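Hi everyone, thanks for making time.

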Amino acid sequence: MKIPLFDLKEQYRQIQGELQEAIFEVMASGHFILGEEVSELENKIAQYLNVNYAIGVASGSDALLLSLMVIDIGPGDEVITTPYTFFATVGAISRLGAEPVFVDIDPLTYNINPYLIEEKITTKTKAIIPVHLFGQCVQMAPILEIAKKYNLTVIEDAAQSIGARYKDRMAGSMGDLGCFSFFPSKNLGCMGDGGMVVTNNKELAEKIKILRVHGSKPKYYHPLIGLNSRLDTIQAAILLVKFKYLDEWNKKRRQRAEFYNSALSDGFLRIPYISEDNFSVYNQYVIRTKYRNELREYLKSKDIGSTVYYPLPLHLQECFQDLGYRRGDMPEAEAAARETLALPIYPEISEGMQQYVVETIREFLKSEVVSLS
Ligand SMILES: *Cc1c(COP(=O)(O)O)cnc(C)c1O
C-alpha cells in the first residue's frame, strides 16, 4: 500500500461539481480582481473567527508582511518570534529591515515558550509573532499579558491553525492582527496561493486594504507605498465552497489523530502533546523519537510518506548568519529539529491506511529499535 503524506485528490473527487460550478461562475462574470466572492469570504471568515475585519491577500506570507507594514515595522525595530516555524514568519520581519529576535520553544508543544520572552525585550522591541504550529495554539494568556505590559503588537501566525481554539478563542483572533494562509496543504486550502489578515482594529483594517492595492486610495492616488497583494476572485470562490466543510474536515483530522494517539503510545516514541486549554486542528501529526532518521527511512522503504518540519531551525539558516546565533542557542528547537517526524494526516485518509502506518511503525519499533539501542 502506498500512503502519501498528504493527498488532495479524494477531497477534490468529493466536491468536484461544486468547485467547478464556482470557478465557471467567476469566469463568466469577468470579475477576477477583488470580485464579490472575495468580500463574501472575508465576511464569512470574520464571522467564523468572531473578529470585526478580514482582508483577503495574495498569500500567508503577504499576510505577515502586510501586518508588519501596517504597524510601520522597519530598520531599527526588533520583532520576537520562534525559530521553529516555516520560513515566511521570519522572512517577513527581515524583508522590512527589522531584526528577528528568537525565543526558544516549549519542548512539548513545539510552540514559542512564553516564559522566555520577557528577557528578550529591549527598547527596540515592537511586536511578537506567536506561531500556532501544527494546528495547536500558543499559550496566549502570558503573551497577551507581556504585550500589554510592554506595549507590543501581537501578530498571530495562524497559517497552520484555522479553526483551532485556545480556551474559547479562535486562533488568529486573540492578538492585534491574525494571519492565515490558504496554501493547498493548509486545513482550508485553495488551488494556488491565498491568504488573509484579520483584526478587530478598524484603522489597521482600512490601512491593510489600502496597502494591498499599492497603497492607493482613491485609485491612482497613493497615501502609502503598498504592494500588489490581493486574494484572487477565483481562489475566493473555491474557498467559499471549501469553507462549508472546514469544521467537518477539522473534526476528521482530530479523529485521525486520536486513532494514531491510541495506537502509537510507546516508550520509544512520543505522540503530540496538546495542552489542556487547546483544541488542535492537526494541520500536522508530529511524533518524536530519537530514532527519527531511521524511522523515516523505514517508512520510506514501505511506501509511507513522512517529512520533517523543520530540519534546520531558522536561527541557524545561512541567510540569518548575520544575526549572530550559534548552534546551542536554542536547544529545544534544535532537539526538535533532530527528533520530530510528521506522519500522513488528512481528512480523507482511511482507517486501513492509518492501520498500515501504525503496523509499520510498530514493526520498526520491535525490530529496528531493539537492534539500535
Ligand atoms: C504556510 C505558512 C506560512 C506561509 O503561507 P503561504 O501562504 O505559503 O505564503 C506562514 N507561516 C506558517 C507557519 C506557515 O505554515
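**A quick tour of the model**

Let's begin in the loop between H6 and H7, because that is a handy landmark: Pro-218 sits there. The bond joining Lys-217 to Pro-218 is a cis peptide bond, with omega at about -10°. Before I go on, please keep in mind that this is a predicted model.

Where do we find Tyr-310? In the loop between helix H9 (292–301) and helix H10 (331–339).

While we're on the backbone, have a look at Leu-34 too. Leu-34 isn't a glycine, yet phi is positive, at about 50°. You'll find Leu-34 in the loop between H1 and helix H2 (36–49). Why point these places out? Because most residues other than glycine have a negative phi, and most peptide bonds are trans.

Okay, on to the helices. When two helices pack, we describe them by the angle between their axes and the distance between the axes.

I'll take H7 to begin with, and its packing with H1. Helix H1 covers residues 9–29 and helix H7 covers residues 233–243; the two pack at an angle of about 140°, with their axes 9 Å apart. That angle makes H1 oblique to H7. As for handedness, H1 passes H7 in a right-handed crossing. Which residues make the contact? From H1 we have Gln-11, Ile-15, Glu-18, Leu-19, Ala-22, Ile-23, Val-26 and Met-27, and from H7 we have Thr-233, Ile-234, Ala-237, Ile-238, Val-241 and Lys-242. Sorted by class, that contact of H1 with H7 comes to 10 nonpolar, 2 polar and 2 charged residues.

H7 also packs with H2. Here the axes come within 8 Å and cross at roughly 40°, and H2 and H7 are therefore oblique to each other. Is this crossing left-handed or right-handed? For H2 and H7, it's left-handed.

One more helix pair. Helix H3 (residues 60–70) packs with helix H6 (residues 202–211) at an angle of about 120°, and their axes are 10 Å apart. H3 and H6 are therefore oblique to each other, and H3 passes H6 in a right-handed crossing. The residues that meet are Leu-66, Met-69 and Val-70 in H3 and Leu-204, Lys-207, Ile-208 and Leu-211 in H6. By class, this contact of H3 with H6 has 6 nonpolar residues, no polar ones and 1 charged.

Next, the ligand. How many residues surround the ligand? There are 16, and the closest are Gly-60, Ser-61, Asp-157, Ser-181 and Lys-186. Gly-60 has a backbone N or O atom 2.8 Å from an oxygen atom of the ligand.

Last stop, Phe-259, which lies in helix H8 (residues 246–264). What does Phe-259 touch, leaving out residues up to four places away in sequence? Glu-351, Gln-354, Gln-355 and Val-358. Phe-259 and Glu-351 are 92 residues apart along the chain, and their C-alpha atoms are separated by 8.4 Å.

That's my tour. Over to you!

Notes: Residues numbered from 1 in each chain as written. Predicted model: local features only at pLDDT ≥ 70, side-chain atom pairs only at ≥ 80, totals over all residues. Heavy atoms only, no water. Axes fitted to C-alpha atoms, helices over the stretch in contact; angles between N-to-C directions. Helix = DSSP H or I, 4+ residues; strand = E, 2+ residues; numbered from the N terminus. Parallel < 35°, antiparallel > 145°, perpendicular 65-115°, else oblique. Left-handed = near helix turned anticlockwise from the far one by under 90°. Contact = heavy atoms within 4.5 Å. Nonpolar A, V, L, I, M, F, W, Y, C, P; charged D, E, K, R; others polar. Near = heavy atom within 4 Å. Polar contact = N/O pair within 3.5 Å; in protein donor to acceptor, adjacent residues only side chain to side chain.
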